[in-house]
Every structure is written in structure tokens, then in C-alpha cells.
Amino acid sequence: MKQTNRNKGGFRNIFSSHSTSPDNSISRSSAHSISSSSPPQSRPSTPLHTFSESMMEENIDNAELLITKWNLETSTGFAASSSLFYDDRKEAKDFISCVKDLQRAMRFFILPENSNSVLLVKSQNLMEIAMKRLEKEFYQILSANRDRLDPESISGHGSERSRGSTSDDYDEEVDQTSDEDEIQRVSNSINEVEQVGTVAMNDLKMISNCMISSGYGKEIVSIYKIIRKSIVDEGLYKLGVERLTAAQINKMDWELLDFKIKTWVYAVKISVRTLFHGERILCDYVLTSEMSRESCFTAITKDSALELFQFPELVAKGKKSPEKMFRILDLYDAISELWPEIESIFSYQSMSNVRAQAVSSLLKLGETVRAMLTDFEAAIQKDSSKALVPGGGIHPLTRYVMNYVSFLSDYTVSLSDIVADWPLPEHTALPESFFDNSLDTDDEGTSSIVVRFAWLVLVLLCKLDGKAALYKDVPLSYLFLANNLNYVVSKVRGSNLRFLLGEEWISKHELKVKQYSINYERMGWSKVLSSLPTNPTASMSLDATKECLSSFNTAFETAYRTQSSWVVTDSKLRDEIKVSICKKVVPVYQEFYDTNRATLSGERNVEALVRYSPDDLMNYLSDLFYGIKVSGSGTSTANSSRHSH
């Protein structure tokens, strides 16, 4: 039979690298040299063919019938247009068996004692025809099954194989309230897709084994790389992953960059757990040679993976601003969470730079977070605003810092890792009151993050002390401190800071809020209380009663008018302060009022002397701390404010 030459630099080794003995291998170049030498001489006459030689010749003859039938160059249109593996699976297996028979025959005839150049060349020519056929079949199966061999399906198959699950596992996950017919239809559909995908994977594996063992691994690898790389690239494109430079990222406005980061965080999880994981499973299953597996997987995923894991580092190197902190932590969280899978999927030595890029991004993100925390602390300390908050309410700095810190506490795991080896400077020692002795802070990372959060809160509280001193009205400064510290405590209690700083920290600072409130009451209502007699149940002369009432009216109206615009933002704290003031003022006034009312009964203009009944006082006090400014004086002013409120 006429020899077929593919002009690819000589015949290839038809045996895999796992051959047990060098004597069992033969190269296409050696077969070519045999065929191109002088015309073959007749072999020395021997009495009879050996039994083994007869078997080898029969194997070649049988292989010739089937391989020639599927010859792409000389067969009819049927063989050229149809698929060996789709038309008749038994014949496909017989074809693979014929190739193996050819391999055995070539090993036999290459030996010096069995040398037969004619049969060796014939076998090699048949092997060339068979390899062309299988190469086409491999390409067709990969191309035709793109949807069934998508990484998501493959990664699912891999998970099921690892669990030893069957299609019944899927049925258990289907909503039990669904219609039974619909469940069966969906189940059948999924089983059909999975079955077709499994058959395709098995066919690819069978062809791959055959061609690699025949010395045609390069053809398999080349086809595999081209088709599967396009699938990976297309998958990343659909997930919104794009190639960006540092310059492009720095020029983006925050809204667009924020969108890009959120897209990346979503895409990287699917890319690692589905796209790359699925490709690794398929490579490991289809390709039998470890070298081929590594070569293919590296060619298919390396460039895409490098671009994917470089994005966080480019963001981290960009301009720093407070609003970027949480997105930087999202990026850090994503890589940190995926790291065990990244390390496993990209375990090949040729993929070491992919692992290195992921680690580099992680380290750079950590550095950026530490720099941002330093800038955040410095911004608190440098705040030089002299503007007073009307009514002693919550300062904007308090709201900003505590909202920021409480959001940061949602990233405790990542931050613990980031600040584990980043202690506070020596001059920033924290007082013992800032720690809850019941907390377990033996872990270095946990201890560091607790100290870091406690320090940021302390920096804020120290700043608030300075701002409280700006108020000329001392009672108002205490009310300001009570308001702001209460806001800090409520933010700690309502976030993960509660578990970091602890209940003891919260209790200690709640006591401080109460002490600030007591100081406010003592200084803000001392003149009102001192205007009443120390013994309110003792009878007094008319003149003394008039003088006492006049002093009380003046002190109460002054306190009410001054404090009517003051604010207590927290309803619970507001009620506690008002109830406390009422308990101090109203009972004493009630006793004085009841004891001396008869003395004043005969006086003219008694309404001008007794401007407030005890019930009136309670009503007026209930108007306080809503920030409603009252002008003027006297009963009419108080009544106007009360009815308005």
C-alpha cells in the first residue's frame, strides 16, 4: 500500500512515555528510514512463519480493513462526512482496538529477530491514517459538545463523582411542592444532558489515550487548547471580566470603579469554582499524560487567570479614599476565601505565577487597608471644626466615625488577618477600661483587631471631649457628651463591635452616659431647686411665700427658655432625663404649693404669683429636648410652647 506522509518532520514515537522498556518503542523516523532504503530484499528462507508472526500479520490485515474504511483521503463521502463515534459505537471501539493491534505488531517487527520492513512500513502507514481519523473525531466531539462540556456542568460532574451521588440526589433537592410530572420532566432532562456529557468525556478520554500512546500527543494537545481556551475566554467575557490597565483604573470615577469591583467579586467566585475548576476536571479526566494535562490547562487558563487576579492589585495601587475601604476589603475577602481552591486548581509548577499573582494582590490589598486605617485615624485627630452642634445634638464627626467603624466590624475576619502583625505605636497605649476582661483575645489576630477598634473609638471620644469644651453653657456641654457617647454605645451594641469590645465595655460607657446626664441635671437645674425651700412642708409667712414663688418662677422660666432648644436625640435617654428632672423638681414644688396655697388665697392677682401648678410643670418639662426654641417669658410663653408642641 502507498505510504502516506504528513510532512511533519518524520514519524513520531507511537508509544507513550510510560513504556516499560526502551526496546518496546519505535519511531516513525526509523520506520521511514527502513522504507526509503534500497528495495526490500526477500527474507532468508525459513521453514515456516512462527505463530507470533502469523498473529501479527493477521492483526495488520484486520486493522487494514476497518482503518481503510474510515480513511479521510481515499474513502467515500460517507466516511468523510460522518462520525465514527456517533454512527456506530461498537465500530468505534473496534477501531481503537485495531490501533492497539497495530502498536503490538510494530513493536514485534521492530525487534531484530522479527524484522520485516514491509509489514513495519505498512503498519506505520495504517497508523497515520488512523491518527488522522481520530484527530478529526477528537475535534468533532469537542466542538459538538461545547454546551454539554461547559465548565459549570463539568464542575458539577466532578462534585458528584467525589460524593458518589446519582441522579436521585437531584430529586431530593427539588421543591417538594412542585408538580410530580414537572419534577420527572426536569430530572429526565438533566439526566439526559449529563449522560450525553459523560459519554463525550469518555470518548475523548478513549481517543486521547489511544493517540498519546501512539505518539500523537501533540495533535491532541493542540486541538484541545484551541477549543477549550475559547470557552474559557468566552466565559470570562460573559461574566464581565475585562482587561484593564492601572492608568484606566486611576481615571475612572468612583461610581464606575465601584461597579467594576462588584462585578469582579461576583465573577471571580464563579471563575474559580466553576470555570477554572471545570477545566481542571476535564483536563485531568480526558488527558492521561501528566505532562499533557499541565500543558493544556496552563495554555487554556494561565493568561486569563493572571488578568483576573491582577485586577485587585491594580485597584489597591490606585488613589486612596475613605469610600474605597469597603470595596478593598470585599476584594481581599474574595481572594482570601478562594485561596485554598486557587492553590489546588492552579497547583502545577507552570502555574506558580498565577498563585503568586493572587498572593501579591492579597498582600497589596492588606497594605492598602492598613494605610487607609492610618489615614482614617489621622483624619479624626486632625478634625478642627469649631462649629457647635445646635442643642448639643449628635456631632457629624460622631455619626461619620461610628457608622464607618461599625461597617468595618463586618469585616472582622479579614481585618484580623490584616492587622495581626501591625500593633499600635507604643505611645498609644489604651486604658484598661477599654477592654472587656471576659473576652478571649488569646488569638493574636483577634487581639490586634480588638485593640485597633478600641483605639479608634477612644480617639473619637477624646475629640468629642474637646468639642464639648467649646460650649459656653456648661450644662449643655454635658448634654452634648451624653448625646454623643450614647450614640457611640448604641452603634457598638447594634453591630459586630459588640462582640469585639464586649458587654463590659458597653456597661462601663453606659454608666458614663448616665454620669454625664446627672452632671447636666445638677448644673442645669440647680438654681430651680435652690429657689424652693429646703423644708417645703413648713408654713411660711406671706412675704416669704411670695418671695419664694417669685424666685422659683424666674429660675424655672430661665431654665425652660434656655433649654427648650436643647436636644436629646435618643428617645429612651430623653425620657430618662425628663423623668429624672421631674422627680427632683415636681414633688418638692407640689409640697410647697399644697402647704402655702391657703396663705395666698386672699391675695389679689394670685395668678401672677402662682404661675404654675404642679401639673403645669410636668407638661412644660415634657416639651424639653425636642429642639424647639422658645422666646419671651412667663406662663404665656410656656403655654404657647406646650400647645405648639
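**Reading the model**

Reply: Of the 645 residues in the protein chain, 47% are buried. Please keep in mind that this is a predicted model.

Me: How many helices and strands does the secondary structure of the protein chain contain?

Reply: The chain has 26 helices and 0 strands. As for its contacts, among those between residues at least 6 apart in sequence, 80% join residues at least 24 apart.

Me: How is a pair of packed helices described?

Reply: In general, one gives the angle between the two axes and the distance between them. Here, consider helix α15 (residues 352-382) and helix α16 (residues 396-408): their axes come within 12 Å and cross at roughly 160°. Angles over 145 degrees count as roughly antiparallel, and α15 and α16 are therefore roughly antiparallel to each other. Their crossing is left-handed.

Me: Which residues of α15 and α16 make the contact?

Reply: From α15, the contact involves Leu-373, Phe-376 and Ile-380. From α16, Tyr-400, Val-401, Tyr-404, Val-405 and Leu-408 take part.

Me: Let us turn to a single residue. Where is Lys-324 placed?

Reply: Lys-324 lies in the loop between α13 (290-316) and α14 (325-345).

Me: Is Lys-324 buried or exposed, and what is the nearest side chain of opposite charge?

Reply: Lys-324 is buried, yet has no salt bridge. A salt bridge requires the nitrogen and the carboxyl oxygen to lie within 4 Å, whereas Glu-323, the nearest side chain of opposite charge, is 6.5 Å away.

Me: Which residues is Lys-324 in contact with, leaving aside its neighbours within four places in sequence?

Reply: With those neighbours set aside, Lys-324 is in contact with Trp-254, Leu-257, Lys-319 and Met-372.

Terms used:
Residues numbered from 1 in each chain as written. Predicted model: local features only at pLDDT ≥ 70, side-chain atom pairs only at ≥ 80, totals over all residues. Heavy atoms only, no water. Helix = DSSP H or I, 4+ residues; strand = E, 2+ residues; numbered from the N terminus. Buried < 20%, exposed > 50% of the residue type's maximum accessible area, 1.4 Å probe, protein only. Lys, Arg positive; Asp, Glu negative; His and termini not counted. Contact = heavy atoms within 4.5 Å. Axes fitted to C-alpha atoms, helices over the stretch in contact; angles between N-to-C directions. Parallel < 35°, antiparallel > 145°, perpendicular 65-115°, else oblique. Left-handed = near helix turned anticlockwise from the far one by under 90°.
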